[in-house]
Amino acid sequence: MSMTQQATPAVGTPPAPGPKQSDGRTRQRPLALRLLARPEVGVFLGAVAVLVFFLFAAPPVRDGSSMANILYQSSTIGIMALPVALLMIGGEFDLSAGVAVITSALTASMLSYQLTMNVWVGVIVALLVSLAIGAFNGWLLVKTGLPSFLVTLGTFLILQGVNLAITKLVTGNVATDDISDMDGFAQAQKIFASSFEVGGVNVKITVVWWLVFAALATWVLLRTKYGNWIFAVGGNKDSARAVGVPVTFTKISLFMLVGFGAWFVGMHQLFSFNTVQSGEGVGQELIYIAAAVIGGCLLTGGYGSAIGPVFGAFMFGMVQQGIVYAGWNPDWFKAFLGVMLLGAVLINLWVQRTATRR
Amino acid sequence: MTSNETGTHGAVLKDTPPAGERPLVELRGAGKSYGNIRALHGVDLEVHPGKVTCVLGDNGAGKSTLIKIVSGLHQHTEGEFLVDGEPVRFSTPREALDKGIATVYQDLAVVPLMPVWRNFFLGSEMTKGPWPVRRLDIERMKRTADEELRNMGIVLDDLEQPIGTLSGGQRQCVAIARAVYFGARVLILDEPTAALGVKQSGVVLKYIAAAREKGLGVIFITHNPHHAYMVGDHFSVLRLGTMELSASRSDVSLEELTNHMAGGAELASLKHELAQVRGVDVEELPEEGDLTAPVATSSEGKS
């Protein structure tokens with residue numbers, strides 16, 4: 001593979017400082033290979049393929065409102081897949097992400113309802129709770145050195161139990177009470193769960209948030225110190241520490257970012273359905289992780305992008321809705337997912353091998 | 001060349017030793033115990049600007065423990081550790097870096113999948129712009145990395161290629177260039193030639209000499225006495241956690257150094273006994289009297 005073209009160690013050649021920048025740099029890797037080495041290219045091609053496939057296989061998909069629906073479906077996965085992807089690039093993953101969404105929504109809902117306060121109080125407290133869960137995950141991981149699988153599996157089980165038990169204890173039911181008539185509900189709904197018209201098509205606001213967050217995450221990842229640190233702690237934690245990267249801060253803050261994502265999606269669910277089912281969210285964490293992996297993030301860390309998971313989430317939404325629009329048995333969805341995931345993993349493996357080849 | 005404008009380390013490269021012969025880094029009777037295991041004991045070491053101090057020793061001799069103390073990964077439990085004559089105790093590698101002590105570890109402390117220029121500036125990135133939009137100054141970082149590498153004689157086609165695609169010698173040189181650029185006054189090299197071929201070892205040795213020319217104090221850890229003797233000004237041989245030999249270049253020959261490395265002093269004392277045993281060839285072993293080089297703290301117990 002000519003990806004690994006190298007300059008031979010120029011022992012005898014005198015150094016060429018100054019303006020002769022182009023010297024010895026003329027040889028470049030072929031464009032196609034350089035493009036393929038980008039983490040998001042594989043998933044972009046995959047997303048296009050899936051889109052084209054369903055445009056042919058399921059004629060209703062060609063309609064604008066179906067596309068808006070697909071994008072909405074993608075955004076609810078995609079908003080959460082972003083921080084999960086950043087965390088994965090940072091070398092960890094979070095199994096509690098799915099139920100943490102529900103924990104956040106339950107906190108906001110029950111707190112404002114039971115104490116009859118403005119919903120914004122609940123929303124703020126839910127944010128703090130979500131960040132605290134993330135910080136706890138990260139802190140425990142950093143302090144004990146346990147793998148994130150174990151730590152977050154623990155939090156996953158704890159939260160799953162707490163969600164059900166507390167909800168039953170407080171409301172006597174498995175779902176929370178309807179908060180749609182409370183102070184501040186309309187305002188909060190505008191932010192988390194409204195929709196607007198574009199050319200006669202009803203687009204949910206989460207689609208906008210999704211793309212805004214994705215742009216922000218991309219910028220942070222590629223253009224800031226913090227982004228550099230994320231790649232470094234995921235790629236080689238010990239090396240990163242040795243050259244002065246604050247590894248503990250980076251890891252804990254990444255978990256808190258997942259907490260933020262869980263809060264946002266939780267608020268969306270709360271304000272679009274008015275109530276929360278306490279048993280939901282289980283299994284979602286694997287969907288987020290799958291979207292990140294399909295999006296080109298390396299499960300072992302150190303490689304990936306923020307734009308990849310956007311396409312990854314889009315593939316999810318597309319397949320999920322596309323199967324329905326095509327009139328097929330929805331049971332095929334999971335099989336599709338499995339194939340997509342395996343394909344993505346194989347591409348990742350190939351990239352890692354070629355990228356580290358001497 | 002070595003501009004300090006990035007300066008997150010805060011270390012300023014001093015051109016000449018200001019206080020005469022004061023060593024940059026000094027260990028006095030330093031040691032380290034892990035629980036009740038004494039890994040290092042009674043070690044004296046001085047690092048002067050513009051000199052290469054070689055630390056030799058077999059596996060398990062305490063070389064790694066020694067550099068971990070100096071580089072701030074571990075703390076010493078006995079003796080003194082002085083930087084610029086001031087006693088210090090580092091709790092993180094960052095503090096050592098701030099004092100101008102840079103370590104090039106055996107695994108080089110690089111992140112294989114990251115581009116060369118990102119690795120070069122990792123942990124000390126150049127930024128521009130005010131806080132909410134403070135961002136990496138990619139253009140300047142790439143240019144600087146390229147210049148610095150060229151100054152060391154490394155010309156790369158593409159600084160965007162992952163550092164994992166470079167050869168072992170090239171990666172070693174990038175790591176050394178990085179340490180030199182970030183105002184290191186003391187450069188610790190942990191077995192830089194261990195995994196390299198003959199030619200690549202030569203390249204690395206050349207950069208060690210180049211770093212010395214720039215006035216850096218170099219601690220060169222190795223178990224290869226030939227490599228050490230090519231660039232070293234002072235030699236310290238560790239054996240089972242204590243200092244077996246501490247000699248300057250003029251006091252020791254390559255042969256003596258090799259003997260010490262091979263456990264010569266112990267073998268010599270055993271020679272008489274071994275001579276009684278049939279089938280053991282003792283002719284080639286040195287006599288105790290041959291090892292004339294000054295021996296430091298050898299009377300201490302071998303713990």
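Two strands pair if DSSP finds at least two bridges between them. Keep that rule in mind for Cys54(B), which stands opposite Phe235(B) in E11(B). This is a predicted model: local features need pLDDT of at least 70, side-chain atom pairs count only at pLDDT 80 or more, and totals for chains, interfaces and linings use all residues. Residues are numbered from 1 along each chain as its sequence is written, while chains are lettered from A and ligands numbered from 1 in the order in which they are written.

**Chain B in outline**

- Chain B has nine helices and twelve strands. Helices (H or I, at least four residues) and strands (E, at least two) are DSSP runs, numbered from the N terminus.
- Chain B holds 303 residues, and 49% of them are buried. A residue is buried if 20 or more other C-beta atoms lie within 10 Å of its own, exposed if 12 or fewer, and partly exposed in between; the C-beta atoms are placed from the backbone.
- Take the contacts in chain B between residues at least 6 apart in sequence: 69% join residues at least 24 apart. Two residues are in contact if their C-beta atoms, placed from the backbone, lie within 7 Å.

**Two domains in chain B**

- Domain 1 covers 15-100 + 184-251, and domain 2 covers 113-181. These bounds come from an automatic or database domain assignment.
- The C-alpha centres of the two domains of chain B are 26 Å apart.
- Where they touch, 13 residues of domain 1 of chain B are in contact with nine residues of domain 2 of chain B.
- Helix H6 (residues 198-213) of chain B gives the most to the domain 1 side, with six residues.
- That side of domain 1 of chain B has eleven nonpolar, one polar and one charged residues. Here Ala, Val, Leu, Ile, Met, Phe, Trp, Tyr, Cys and Pro count as nonpolar, Asp, Glu, Lys and Arg as charged, and the others, Gly among them, as polar.

**The six-stranded sheet**

- This open sheet of chain B runs in the order E6-E9-E10-E3-E11-E12, with mixed pairing.
- Strand E6 (101-104) and strand E12 (242-248) of chain B are the edge strands, and each pairs on one side only.
- From one strand to the next, the twist averages 15°.
- Strand E3 (residues 52-57) and strand E11 (residues 234-239) of chain B run parallel, joined by five bridges.
- H6(B) packs on the sheet and touches E3, strand E9 (186-190) and strand E10 (217-222) of chain B. The direction of H6(B) makes about 155° with that of E10(B). Axes are lines fitted to C-alpha atoms, for helices over the stretch in contact, and angles run from 0 to 180 degrees between N-to-C directions.

**The four-stranded sheet**

- A second open sheet of chain B has the order E2-E1-E4-E5, with antiparallel pairing.
- Strand E2 (37-47) and strand E5 (86-87) of chain B stand at the edges with a single partner strand each, so one side of each is left without a neighbour in the sheet.
- Strand E1 (residues 25-34) of chain B pairs with E2(B) over seven bridges, in the antiparallel sense. Val25(B) has Val47(B) as its bridge partner in E2(B).
- E1(B) is also joined to strand E4 (residues 78-83) of chain B by five bridges, again antiparallel. There, Val25(B) stands opposite Val83(B).
- E4(B) and E5(B) pair over two bridges. Val83(B) has Glu86(B) as its bridge partner in E5(B).

**Positive phi values**

- Most residues other than glycine have a negative phi.
- E4(B) and E5(B) form a hairpin with two residues between them, and Asp84(B) in the turn has a positive phi of about 55°. Asp84(B) counts as partly exposed because it has 16 C-beta neighbours inside 10 Å.
- Thr116(A) has a positive phi near 50°. Thr116(A) lies in the loop between helix H4 (97-114) and helix H5 (119-144) of chain A. Thr116(A) counts as exposed because it has 8 C-beta neighbours inside 10 Å.

**The nonpolar core**

- The largest nonpolar core has 175 residues. Such a core is a set of buried Ala, Val, Leu, Ile, Met, Phe, Trp, Tyr and Cys residues joined through C-beta atoms within 7 Å.
- Val84(A), Leu86(A), Leu187(B) and Ile219(B) have the most contacts inside the core.
- Both domains of chain B give residues to this core, so it lies between them.
- Leu86(A) touches residues including Ala217(A), Leu221(A) and Ile230(A), not counting residues up to four places away in sequence.
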